[in-house]
Amino acid sequence: MSQPSPSSRRRAGHRIGAALVSTCLALPAAASEPSLSMRVEEGEHILFRHAAEACETWDIPDTPTRAFRGADGQVHVMQSHYRGRWLAGPDLFSLRHGCAVAFEGAGSADPASFDNQSWIGATYSPDGRGVFALVHNEYHGERFGAPCRKGEESACWYNSLTGAVSQDGGLHFQPTQPRLIAALPFRAEETRGHHAGYFEPTNIIAWNGAFYAMANVVAPKPQRSGNCLLRTPTLEDPSAWRVWRGSAFDTALADPYAGPIQPERHLCDPVAPDVLRWPVTSLTWHEASGTFIATMRGRAKGADGRERTGVYVATSPDLLHWAGPALLMEAPLFGSCDASDAISYPALIDPDSTDRNFGTVGDHPALTFVRADTDGCTVTPDRDIVLKRVRIDPTSASARRSSR
């Protein structure tokens with residue numbers, strides 16, 4: 001695959017997140033507080049340093065941290081660009097970056113193929129050998145003659161989620177059959193003029209006998225934009241995924257290119273849009289309190305009227321009802337024109353988790369994020385993966401519950 005053009009590199013530098021957090025939101029005074037008290041500790045650890053470890057210029061971290069423990073005893077981390085490469089090591093603090101490509105989309109000119117530019121956005125391994133993946137798939141119609149003017153290329157951006165699977169511990173991935181996991185009930189030409197689709201899946205988390213993930217949806221009506229929650233009873237059947245709508249997970253997401261469909265039958269209801277105001281980038285389960293934690297990157301005004309950007313968190317007992325958001329770490333975000341160390345792609349992960357897929361956290365997990373150098377408003381490929389320890393107050397959840 002040819003290297004990105006300068007304009008597409010600028011788009012890759014911002015990718016999805018910057019466009020979705022540029023609007024400053026005011027946090028209402030009555031917003032509910034997360035049920036867990038969390039703080040970021042001093043100090044940091046670099047998991048990947050682009051200047052020393054990149055295999056090519058655009059070998060960059062371009063997703064949140066996704067990890068699993070393999071049958072080989074190694075921790076495998078996928079946090080790559082559309083040419084998917086692994087970091088691996090005995091633990092999160094001892095990762096080495098390999099140059100072998102485990103996955104890459106075909107870059108097809110056909111939006112109906114759902115095999116365009118593709119990022120592995122989530123991994124889940126039940127046994128350390130088989131690995132299931134959710135793939136963030138981008139179709140950019142302007143590259144293939146769609147009528148989008150220069151500077152407005154995002155109007156031809158059509159996104160979907162597809163599936164991939166590996167049987168050799170993640171060394172090689174193949175598309176699932178069927179390939180498509182989630183798409184809007186509209187074809188690419190029907191969304192033209194909009195930056196539209198299912199974007200940036202979270203990690204996959206197992207809970208109560210099923211598997212869950214969130215994806216950020218940007219869509220024209222009648223689909224509402226926000227974070228949609230997906231569930232499946234099995235990862236082996238890509239067609240088994242359903243989205244939350246109304247009061248149940250009973251809505252399938254159809255292939256709009258397979259034949260005529262009724263769009264209103266294939267919509268999701270965004271979950272807690274007043275709390276989950278930005279794309280959710282990770283989901284974890286705090287075992288001690290039985291609480292889910294969502295991370296987001298956002299920009300909001302606090303009660304004091306001051307605008308703050310950085311990593312926000314929210315909490316939930318059931319993935320549907322959320323409290324927050326609260327600022328966990330203040331930092332400039334990708335797209336900040338006056339910052340040299342902008343960040344994006346935050347994820348909460350516990351290096352000591354007993355879960356093979358790092359879906360659980362204790363009271364001393366870590367926050368990972370991508371930190372980049374910028375050239376004016378453009379995010380450069382000089383990006384590192386940073387880890388900072390987080391302290392969760394183990395008494396906060398019970399204290400809040402007893403005070404009600």
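In this predicted model, Gly130 sits in the loop that links β10 and β11. The protein chain as a whole contains four helices and 27 strands. Its radius of gyration is 20 Å, close to the 22 Å that the globule rule gives for 404 residues, so the chain is as compact as a globular protein of that length.

**Gly130 and its surroundings**

- Gly130 has a relative accessibility of 11% and counts as buried, because the cut-off for burial is under 20%.
- Apart from residues up to four places away in sequence, Gly130 touches Tyr124, Ser125, Ser166 and Gln167.
- Phe173 is 43 residues from Gly130 in sequence, and the two C-alpha atoms are 10.0 Å apart in space.

**Overall fold and surface**

- The C-alpha trace of the protein chain spans about 55 × 50 × 45 Å along its principal axes.
- Of the 404 residues in the protein chain, 58% are buried.
- Among contacts in the protein chain with a separation of 6 or more, 57% are made by residues 24 or more positions apart.

**Nonpolar cores**

- In soluble globular proteins, nonpolar side chains tend to be buried together.
- The largest nonpolar core here has 25 residues, of which Tyr198 and Ile204 touch the most other members.
- Two or more residues of this core come from each of β10 (117-124), β11 (131-140), β12 (157-166), β13, β14 (196-199), β16 (210-218) and β17 (226-232).
- Strand β16 gives four residues, the largest share of this core.
- Ile204 is in contact with Ala122, Tyr124, Leu134, Phe211, Tyr212, Ala213 and Leu235, leaving aside its neighbours within four places in sequence.
- Another core, of 22 residues, lies apart from the largest one and includes Ala210, Val271, Ala300 and Trp322.

**Thr176 in strand β13**

- Thr176 belongs to strand β13, which covers residues 174-182.
- The relative accessibility of Thr176 is 10%, and this residue therefore counts as buried.
- Beyond its neighbours within four places in sequence, Thr176 is in contact with Gly163, Ala164, Val165 and Pro238.

**Cis peptide bonds**

- Lys221 and Pro222 are joined by a cis peptide bond with omega near 15°.
- Pro222 itself is located in the loop between β16 and β17.
- The peptide bond between Gly324 and Pro325 is also cis, with an omega of about 0°.
- Pro325 is placed in strand β23, which comprises residues 323-330.

**Non-glycine residues with positive phi**

- Asn208 is not a glycine, yet its phi is positive, at about 50°.
- The loop between β15 (205-207) and β16 holds Asn208.
- With a relative accessibility of 66%, Asn208 counts as exposed, because exposure is set at over 50%.
- Ala272, likewise not a glycine, has a positive phi of about 40°.
- Ala272 is found in the loop between β19 (248-251) and β20 (280-286).
- The relative accessible area of Ala272 is 14%, so this residue is buried.

Definitions and conventions:
Residues are numbered from 1 along each chain as its sequence is written. This is a predicted model: local features need pLDDT of at least 70, side-chain atom pairs count only at pLDDT 80 or more; totals for chains, interfaces and linings use all residues. Side-chain values use heavy atoms; hydrogens and water are left out. The radius of gyration is taken over C-alpha atoms; the globule rule is 2.2 Å times the number of residues to the power 0.38. Buried means under 20% relative accessible area, exposed over 50%, partly exposed in between (1.4 Å probe, protein chains only). Contact means heavy atoms within 4.5 Å. A nonpolar core is a set of buried Ala, Val, Leu, Ile, Met, Phe, Trp, Tyr and Cys residues joined through side-chain atoms within 4.5 Å.
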